[in-house]
Amino acid sequence: MGQINVIPQVYKNNFVKAVLDSNGNVDHLTCTAGDIDSSIGAAKIYPLGGQPYPWETDKFPVGSTCRVDCSNYLSGLGKTKVPLEFVNDGEVLRPNGEQILYSKFGSYASPAALITTVSGENNFFTNDNLLKIPYQFMYLEMGIRIRFLGYKPDADTGGTTFRLRLGTSTQANNNNVMLQPTTASAANSEMSFDTTIRITALGDTSQAKCTYPGMSKLFTSATTTADSAGDKTTGFSTSAYNYIAINAIPANAGSQAALVNFAISIVP
């Protein structure tokens with residue numbers, strides 16, 4: 001066949017691989033399951049927990065990247081189906097740019113999730129379907145970015161509070177309240193936010209700490225108060241799975257609340 005340039009392509013769950021002749025030329029192509037031969041440049045995909053250690057620089061130099069399949073460790077609506085990419089900085093494996101764990105984008109007419117409330121605090125996700133954040137990702141200063149657009153799609157004129165909770169409990173309403181913006185007291189009102197939670201201390205529950213901009217500061221300058229302070233230690237751990245829930249609290253029972261879209265990602 002002679003020398004040709006070969007670009008590895010994914011075909012279903014297999015990879016195209018070049019087979020060379022004794023002169024180093026491409027003899028033919030074959031499709032084999034597993035990892036591509038490193039001689040043609042494809043990155044190995046590791047299961048979560050099986051990725052190389054960052055200090056093994058003889059085998060995994062600083063600046064090298066690897067892909068990690070975490071699909072079996074994620075749970076919840078809109079979980080990613082593709083491997084995440086990390087880069088070795090010599091101490092930890094950092095996300096190689098923003099890596100989305102969960103996302104779902106709807107519209108005002110057809111939101112990502114919808115609840116018709118009865119009273120009190122209501123979950124957009126059931127307790128069996130919370131958004132899981134694996135502890136294997138976590139290192140000091142890692143960020144968890146949360147974006148969502150909440151909308152009250154009916155004629156109710158009371159304000160609706162959208163509440164974000166984070167913690168190790170699989171019962172959503174037992175976890176830390178991280179953010180709780182409230183819509184205007186008017187029909188068809190919406191509220192969105194985009195914030196990044198940072199890990200500022202490692203450890204088990206009550207030792208680990210996550211920090212984020214205070215709730216009021218997301219929208220305007222504000223004096224820090226106990227209710228809006230951005231340090232959380234209760235219920236958060238860097239040695240256990242943490243769960244994210246997005247909930248709604250209506251001013252009046254029976255009104256609707258919609259999650260138009262959301263995205264949860266890890267950032268370096």
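Student: Which residues does Phe124 touch, not counting residues up to four places away in sequence?
Tutor: This is a predicted model, where local features need pLDDT of at least 70, side-chain atom pairs count only at pLDDT 80 or more, and totals for chains, interfaces and linings use all residues. Residues are numbered from 1 along each chain as its sequence is written, and side-chain values use heavy atoms, without hydrogens and water. Contact means heavy atoms within 4.5 Å. Phe124 touches Ala113, Leu114, Ile115, Phe162, Ile246, Asn247, Ala248, Ala257, Ala258 and Leu259.

Student: How many residues of strand S12 are buried?
Tutor: Strands are DSSP runs of E, at least two residues, numbered from the N terminus. Buried means under 20% relative accessible area, with a 1.4 Å probe and protein chains only. S12 spans residues 143–151 and is mostly covered. Of its nine residues, the buried ones number seven.

Student: In which sense does S12 pair with strand S15?
Tutor: Two strands pair if DSSP finds at least two bridges between them. S12 and S15 (residues 190–201) share nine bridges. Arg145 stands opposite Thr196 in S15. The sense is antiparallel.

Student: Which residue in S19 is the bridge partner of Gly143?
Tutor: S19 covers residues 256–267. Nine bridges join S12 to S19, and the two run antiparallel. Gly143 has as its partner in S19 Val267.

Note on methods. Buried means under 20% relative accessible area, exposed over 50%, partly exposed in between (1.4 Å probe, protein chains only). Helices (H or I, at least four residues) and strands (E, at least two) are DSSP runs, numbered from the N terminus.
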